[in-house]
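Please keep the sequence and the structure in view while reading.

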Amino acid sequence: MRPVTNVIICGTGGQGILLASEVMCAAALSAGNDVKKSEVHGMAQRGGSVSSHVRFGEKIYSPLVEEGCADLILAMEKMEGLRWAPYLSPVGKLVACDLRIFPMTVNTGLAEYPDVDALMIEHGLPVQLVPAVEIAEELGNMRVVNVVLIGAVSPHLPMEVEHWHRAIRERVPAKHHEVNLEAFRRGRELFG
Amino acid sequence: MRKKLNTVEEGVLLLSGNEAVARGAWEYGVHFAAAYPGTPSTEILETIGEEYEEIDAQWAPNEKVGLEVIAGASFAGARVLSAMKHVGLNVAADPLFTLSYIGSTGGIVIVSADDPGMHSSQNEQDNRLMGRAAKVVVLEPSDSQEAKDMVGEGLRISEEFDTPVLLRMTTRVCHSKSLVRVGPRNEVPVKGYVADIQKRVPIPAHARVMHSKVEKRLLAVSEWGAGSDLNRIEEGDPSIGVITSGISYQYVKEVYPEASVLKIGISNPLPWKLVEKFLGMVDRVVFVEENEPFLEEAVRSRFLIESDGKDIIPIEGELDPETVRKALRPGTEKKLTWSEIPLPGRPPSLCPGCPHRGAFYCLSRIRGSSTGDIGCYTLGLMPPYNALETTVCMGASIGVLSGIEKAVGREGMGRLVAAIGESTFVHSGITGLIDMVYNGNTGTVMIMDNSLTAMTGGQHNPTTGRNLRGEETPVLDLEGLVRACGVEHVKVVDPHDLKEMEKTLKEEIGRDELSVIITRRPCIMSYRPGKPAVAVVDTEKCISCRQCMKLGCPAISWEDDRPVISKLLCWPDCDLCVQVCPVDAISKDMGGRE
């Protein structure tokens, strides 16, 4: 029986979490899995915390990942990765974009943005930080940050490279295929 | 270009619950659909509009009208569907309760998308109770495949038992994606309109007969439901029998696959014979359901059994696998390697470039505030604006402002205005304004016209000049409408012209007569911005006065005692920070745009 893989993708509204989770689901599907995913829409999106749960394997019931069971957390913003830490399994990985986006609570002086790197060390989190914004800048397209990150987490997941390529071609308009496939490659080679 | 889904006639698709409902409507021959947007239901009509042109689909100005137009189409023998969020069903309750008596000619499926956990809602009402009160059939899918199938079953039940069917979804079913086996569209002919006054005019003499039919219908559906695939017993360990429905079923299967389960698909009327059979099969009964003890109370009041339910499953909030595990199998909870780390919250905020920002900044500056309404602008309550103090329901900002004036007079009301979006005003604010005129109120109503139903993701409405399919329609003349209600003082202002905005607020609030301010500027989601432009801070000139921070713009953060403007977030067509800087330290090349 194929084991279940549990992934949480988190970040803030407008970061392309939806596309990232769509690509991941498409890759899992083309590798022959049952797939479920769940996310929050509406008011929750206007710059607020956003998350998507992705689960795949032989047979999936719950669309939500259970606390302490995530094999992988992909954080598009560093602090959001910390927020989901309780969901990480004892052998899970946290891959985070090395990017800070200040919430309104920080901008209005109600809170301070914490030293995320220090907290990650203090709590011993199994984290890999990805310079995805810099890579996207080098590629000349800021909209591929999420695909760089998908590339970076891909070695942690059981799908083959061709499944990912097919998923990107399916989910991204044809004129952007090349830059997205390159973004994926650049992400994947970081830890692959 | 991607192929539209109405060209896909077989296969397996990964669909959200909402997309699956749209698919079901198409496959099972729905002719006509109408809705007012509301999270988590919005994508049902959006998907029909985008993918399935065989269905005539439209946005209604509110849920009541949406239900009335599909009722009319059903009377004429068409298969119909309406969708709304849970509180939308309150607005549509008036037609619902009588449509229950009238029944259907063409099948009627009404989707209620409830929001346990209140991801995007003001309350947590459980509309299975509404379905029971209205005496209609209630179906509860637990994933996308069931959502699609239940549209078909719902239409069949509706026509066979002459009843509207309430398809009760929840956020987690609406917005989760799972695999759906799809098929082709089955065309069903429209039966045609035939007058039938005994059936459709519920004067008391007719309504008494109708009510009698309703009671018989409920008994008949309960009987039939005991043999329907929608309700089923999954035999397992007889020491525990879980009675569950909707998404809760998935959590039960996840954490306790060995348990015996009675999965309820038809929550009203319950399949009593099947329930009785299940109770005889198991030693201990546990009800696992979100929010209200709907199944629990019904079953326990009929069979007087000992059982567990709301004593171990929370009544508040959304369920999840860990909560269900803790209740069903205490002691098997996962040990967490990392506990929760205290972090600043990340609440939603108005987008960079949002037109409402100018209005709330000015309202806050003159120490004014507002009675609020349902829309993105509810965020006016947040710091740094702190300029919104009440929210009840769609349209209530106006009635609440009137009532405050009635209680404490013009003086006691201070600088309060009613803040309401144009879509919400059309939905149910107009009657409130007529009431103000009729009953001699003197307050100020601020209609925040961004020409889009924005909070639900950006839908057209009667003020935008486009319909659900993006075709041109007449534009509702808001100024003319407001004047026709009897309002003499009507001002239209661009909320990003801060001087004019502030002046207008002061003048109209200061006036001893009723007035309406229409703040008009398009939502940033409704147009493509001009060429990229980013506001730039001259750190030499900056005096660290923090005036720009009072805009509450997500693109501006404060680092090393100076504002930093994000080039990722700065909206090209907005210069509010340039306007508020007292020392001209912020500049932006707007290329001649306003």
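In this predicted model, helix H2 of chain A (residues 78-83) holds both A:Arg83 and A:Glu80, which sit 3 residues apart, about one turn of the helix. An α-helix has 3.6 residues a turn, so residues three or four places apart point the same way. The two side chains meet in a salt bridge, with 2.9 Å from N to O. A:Glu80 counts as buried because its relative accessibility is 0%, while A:Arg83, at 24%, counts as partly exposed.

Over all chains, the count of salt bridges is 49. One of them joins B:Asp126 to B:Arg128, with the closest N and O atoms 2.9 Å apart; both of these residues are buried. In another, B:Asp494 pairs with B:Arg521 at 3.0 Å between the closest N and O atoms. This pair links distant parts of the chain, 27 residues apart. B:Arg521 has 12% relative accessibility and therefore counts as buried, whereas B:Asp494, at 23%, is partly exposed. Salt bridges also link A:Glu22, A:Lys37, A:Glu39, A:Arg171, B:Glu19 and B:Lys177 in a network.

Helix H12 of chain B (residues 272-279) has B:Trp272, B:Leu274, B:Val275, B:Phe278 and B:Leu279 buried. These residues cover an arc of only 160° around the axis, so they lie on the same side of H12(B). B:Lys273 and B:Lys277, on the other side of H12(B), are exposed.

B:Glu488 lies in the loop between helix H19 and strand S17 of chain B and counts as exposed because its relative accessibility is 62%.

How values were computed:
Residues numbered from 1 in each chain as written. Chains lettered and ligands numbered in written order. Predicted model: local features only at pLDDT ≥ 70, side-chain atom pairs only at ≥ 80, totals over all residues. Heavy atoms only, no water. Helix = DSSP H or I, 4+ residues; strand = E, 2+ residues; numbered from the N terminus. Buried < 20%, exposed > 50% of the residue type's maximum accessible area, 1.4 Å probe, protein only. Arc of directions from axis to C-beta. Salt bridge = Lys/Arg side-chain N within 4 Å of Asp/Glu carboxyl O.
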